[in-house]
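Here is a short report for a first look at this protein. Start with the view below, then read on.

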Amino acid sequence: MPATIQNRLVSARDTAALLGCSVATVWRRAADKTIPQPVKIGGMTRWSETELNQFIEDAKAERTAA
């Protein structure tokens, strides 16, 4: 079954592009658990695009609620 846009796993580089930060920042934020945690498959580390998009939407909602 092919991955759909809703459950696609993305690399650190793609995650950085989505969040508008550097790859190093993605790794720092993953380490301090301020972004969704990655999935490890074999030697690969990937992030759920769905979880990242939800994280962004939650941050936007928090911003407007404050």
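Which residues in α1 are buried? They are A12, T15 and A16. Seen down the axis of α1, these buried residues fall within an arc of 100°, so they line one face of the helix. R13 and A17 lie on the other side of α1, and they are exposed.

The model is predicted.

**The whole protein**

The protein has 3 helices and 3 strands. From the N terminus on, the order of elements is β-α-α-β-β-α. Of the 66 residues in the protein, 23% are buried. Take the contacts between residues at least 6 apart in sequence: 47% of them join residues at least 24 apart.

**Around helix α1**

| Element | Residues |
|---|---|
| α3 | 49-65 |

Helix α1 itself spans residues 12-19. Just after α1 comes G20, which takes a positive phi of about 70°.

**How α1 packs on α3**

Helix α1 and helix α3 pack with their axes 11 Å apart. The angle between them is about 20°. That makes α1 roughly parallel to α3, because angles under 35 degrees count as roughly parallel. The crossing of the two helices, α1 and α3, is right-handed.

Which residues of α1 and α3 meet? From α1 come T15, L18 and L19. From α3 come L52, N53, F55 and I56. By class, this contact of α1 with α3 has 5 nonpolar and 2 polar residues. It has no charged residues.

Now turn to S48. Is S48 buried or exposed? S48 counts as buried, because its relative accessibility is 12% and the cut-off for buried is under 20%. Which residues does S48 contact, leaving aside its neighbours within four places in sequence? S48 is in contact with R8 and L9.

How values were computed
Residues are numbered from 1 along each chain as its sequence is written. This is a predicted model: local features need pLDDT of at least 70, side-chain atom pairs count only at pLDDT 80 or more; totals for chains, interfaces and linings use all residues. Side-chain values use heavy atoms; hydrogens and water are left out. Axes are lines fitted to C-alpha atoms, for helices over the stretch in contact, and angles run from 0 to 180 degrees between N-to-C directions. Helices (H or I, at least four residues) and strands (E, at least two) are DSSP runs, numbered from the N terminus. Angles under 35 degrees count as roughly parallel, over 145 as roughly antiparallel, 65 to 115 as roughly perpendicular and the rest as oblique. A crossing is left-handed if the near helix is turned anticlockwise from the far one by less than a right angle, and right-handed if clockwise. Contact means heavy atoms within 4.5 Å. Ala, Val, Leu, Ile, Met, Phe, Trp, Tyr, Cys and Pro count as nonpolar, Asp, Glu, Lys and Arg as charged, and the others, Gly among them, as polar. Buried means under 20% relative accessible area, exposed over 50%, partly exposed in between (1.4 Å probe, protein chains only). The arc is that of the directions from the helix axis to the C-beta atoms.
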